[in-house]
Amino acid sequence: MKALEVQNATKRFGGLVAVSDVSLEVNQGEIFSVIGPNGAGKTTLFNLLTGIYAPDQGRILLFGKDITGFTPDRVAKEGVGRTFQNIRLFGAMTALENLLVGMHIHIRVPYFHALFRTPLARREERRAKEEAEKLLDYVGLLHRKDELARNLPYGEQRRLEIARALALKPRLLLLDEPAAGMNPRETEELQAFIGRLRDELGITIVLIEHDMRLVMRISDRIAVLEYGAKIAEGTPEEVRKNPRVIEAYLGKGAAGGAA
Amino acid sequence: MTGLALLLSLAYLGLAFWAPGALSNLFGLVALGAAAFLRLSPQARTLSLALLTLAFTLGLWRSGNTLGLIGLVGILVALTTLPRIPNWIRALLGLAILLVSVPLAGFANTFIFELGIQIGIYAAMALGLNVVVGMAGLLDLGYAAFFAVGAYTWAIFGSPQAQNFMQGNFPLPGEYMYLFMGIAIVTTAITGLLIGLPAVRLRGDYLAIVTLGLGEVVRILANNLDHPINFTNGPQGITPVGRPPIDWFRDLTSALGIPLDRTTDYQLFFYFLVLLMIGLVVLVNLNLANSRFGRAWTAIREDEVAARSMGIPLLPTKLIAFMTGAAFSGAMGVIFAAQRTFVSPESFTLLASITILAMVILGGMGSIPGAILGAAALSILNLDVLKTFSEFVRTSLPQIPSQVDPAKYERLVLGIILVLMMIYRPTGLIPEKRHRAEMEEEA
């Protein structure tokens with residue numbers, strides 16, 4: 001069974017075809033990258049996967065289950081965690097609270113128990129806090145737990161956003177440009193970190209990324225989008241040599257020179 | 001500085017004893033200002049506040065002048081907001097003010113009970129609206145509708161009114177009021193669900209307009225449902241609405257050595273009932289704020305897209321906030337109906353909704369002490385300060401025409417206060433830390 005299957009997904013905005021007949025398969029435990037020039041439809045594809053948009057055509061299967069047209073909260077409940085291109089933390093909440101929001105679906109406190117803070121509610125809250133602290137420790141942010149998310153340095157915000165997605169206990173993690181704005185050292189740390197997530201937690205990871213060095217080093221396979229359509233797919237080696245890809249990135253005529 | 005504050009407090013204590021009245025109470029407010037704003041050691045501040053509590057109580061007890069009540073509210077605010085006062089002092093003085101000072105003042109001047117109950121009812125509602133507006137960020141301009149549903153729930157069955165459309169022995173005995181507080185919580189929560197289902201799908205201004213409209217629908221229904229079947233008795237309203245028997249309460253107080261007469265017994269009873277309700281509502285507010293529901297509301301308020309990506313469903317989560325707020329208002333509606341023994345659609349106009357919202361905004365969105373302070377400030381302003389000022393203008397300046405009577409400009413004054421607040425202190429009188437952070441983020 002594939003972790004993720006996208007079958008002929010198409011999304012139009014008026015006359016613009018943002019995602020055009022894209023099909024992908026992501027294996028379980030794989031790190032899969034989606035690359036492409038600006039405006040190629042990568043983020044729209046992510047928004048289709050997470051239910052922010054419903055595709056006009058095509059289907060999306062998650063571990064064999066059809067999740068086409070699911071709302072974002074239902075997609076999340078199916079075990080899809082995500083981060084955003086422009087960090088979308090809850091800025092006025094602390095780091096710990098951000099993770100607790102991420103754990104929302106795993107904190108089983110019925111309304112009336114929360115209302116009167118019954119022993120059950122206390123127990124669950126305590127357990128959730130411990131778990132959130134453990135997760136903060138895992139991403140190396142435990143010392144920041146009571147700080148407002150917006151006061152953290154940029155790199156830590158990125159990490160906190162990934163931690164928040166992990167709090168969901170996802171089977172599939174979607175990272176939208178996780179290395180954006182990072183310096184080479186931070187990017188290297190991020191690469192190790194993403195590798196750990198896959199190796200230690202067994203999460204399948206799909207990422208959008210512009211940093212080609214990172215993409216080539218970390219990915220098992222890569223799909224390339226241009227003008228909403230998939231123009232290539234394969235291992236980093238295959239993609240690097242693909243003339244269509246070189247053309248998309250460097251312009252016509254560059255393919256001959258590079259090869 | 002220390003000497004000055006203590007001296008002022010002591011001087012006011014003397015004035016409150018020998019020359020109680022408006023002037024000495026004004027002096028007391030100055031002394032309170034000194035105790036709160038001067039640079040003092042924590043000990044001196046605590047001592048000043050304790051002396052002032054005693055002095056305001058004395059002044060109220062001896063003169064019944066309502067400026068003293070403002071002083072007590074001021075002390076409560078100082079106790080909740082000033083740093084480095086021992087917690088047991090905060091609790092002790094706070095309880096003394098609520099349980100001893102205000103009742104004593106009420107015996108001297110029953111209007112103070114009236115004011116206290118009014119503040120309490122509005123404070124509990126402001127706390128309910130705080131869940132909807134402050135926590136979940138849903139702008140509700142029809143909140144008085146739930147108050148109305150709660151009030152009518154008891155008014156119809158606690159008076160002969162129900163006989164118009166039902167077989168049975170009405171009015172129901174007064175003890176049923178307690179049961180009906182529970183029933184009203186259910187009926188208002190259902191009303192909240194019905195109004196919320198279409199409304200909370202909308203955002204921001206659209207939500208505000210739709211709740212405003214639906215709130216008016218409830219009031220107009222109350223106004224017109226006197227035919228073909230007479231449910232609400234239309235614009236005349238329903239009276240007399242039953243009150244619970246309070247013999248046990250009278251026995252209790254006389255056993256404590258406080259005999260009650262016919263004018264104050266129900267006042268005192270409702271005052272304590274309202275206090276109890278506020279305690280409960282504050283507790284529930286705190287519990288919710290620190291639960292997964294409170295966090296989900298905050299998350300939705302801050303970023304809907306991110307919140308949904310965390311598995312938080314929008315519609316149910318918002319509906320729960322809406323219904324919770326409605327339920328608070330419903331329970332207070334029952335108390336309102338019983339305390340006044342009279343209910344009519346006039347009490348539930350758009351202005352009532354706006355006033356409650358103004359209380360939340362004035363106090364500070366999301367802030368629990370803020371909502372209570374907002375309720376106290378606006379209730380005192382509307383019921384007391386403006387009226388007293390009108391009286392003063394009428395007697396001392398009779399040549400001024402009655403068209404410019406200050407009491408007629410309640411809305412203007414409210415508007416000016418809100419505009420000034422938005423300019424100089426947009427996070428409210430007692431800001432909640434998260435809202436302040438959000439405000440700074442936007443700036």
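**Exercise 1. Decide whether Arg84(B) is buried, partly exposed or exposed.**

*Solution.* Start by counting: Arg84(B) has 9 C-beta neighbours inside 10 Å. A residue with 12 or fewer such neighbours is classed as exposed, so Arg84(B) counts as exposed. Next, find its place: Arg84(B) sits in the loop between helix H4 (67-81) and helix H5 (87-108) of chain B. Finally, look at its backbone: Arg84(B) is not a glycine, yet its phi is positive, about 60°. For context, most residues other than glycine have a negative phi. Keep in mind as you work that this is a predicted model.

**Exercise 2. Check the length of helix H5 (residues 119-138) of chain A, then work out which way it faces.**

*Solution.* First, the length. With 20 residues at 1.5 Å a residue, H5(A) should span 28 Å. Its end C-alpha atoms lie 29 Å apart, which agrees.

Second, the buried residues. These are Ala121(A), Glu124(A), Ala128(A), Ala132(A), Leu135(A) and Leu136(A). Viewed down the axis of H5(A), they fall within an arc of 110°, so they line one face of the helix.

Third, the other side. There, Pro119(A), Arg122(A), Arg123(A), Arg126(A), Glu130(A) and Lys134(A) are exposed.

Fourth, the cover. Helix H3 (95-102), helix H4 (111-116) and helix H6 (154-167) of chain A are included in what covers the buried residues of H5(A).

**Exercise 3. Describe the side of chain A that touches chain B.**

*Solution.* Begin with the totals: 30 residues from chain A and 25 residues from chain B take part in the contact. On chain A, the elements giving two or more residues are helix H2 (72-77), H3 and H4. Sorted by class, this side of chain A has 19 nonpolar, 4 polar and 7 charged residues. As for confidence, the predictor gives the complex an ipTM of 0.92 and a pTM of 0.91.

**Exercise 4. Locate two cis peptide bonds in chain B.**

*Solution.* One joins Phe170(B) and Pro171(B), with omega about 0°; Pro171(B) is in the loop between H7 and helix H8 (176-199) of chain B. Another runs from His227(B) to Pro228(B), with omega near 0°. Pro228(B) lies in the loop between helix H9 (204-224) and helix H10 (247-255) of chain B. Most peptide bonds are trans.

Methods. Residues are numbered from 1 along each chain as its sequence is written. Chains are lettered from A and ligands numbered from 1 in the order in which they are written. This is a predicted model: local features need pLDDT of at least 70, side-chain atom pairs count only at pLDDT 80 or more; totals for chains, interfaces and linings use all residues. Helices (H or I, at least four residues) and strands (E, at least two) are DSSP runs, numbered from the N terminus. The expected span of a helix is 1.5 Å times one less than its number of residues. A residue is buried if 20 or more other C-beta atoms lie within 10 Å of its own, exposed if 12 or fewer, and partly exposed in between; C-beta atoms are placed from the backbone. The arc is that of the directions from the helix axis to the C-beta atoms. Two residues are in contact if their C-beta atoms, placed from the backbone, lie within 7 Å. Ala, Val, Leu, Ile, Met, Phe, Trp, Tyr, Cys and Pro count as nonpolar, Asp, Glu, Lys and Arg as charged, and the others, Gly among them, as polar.
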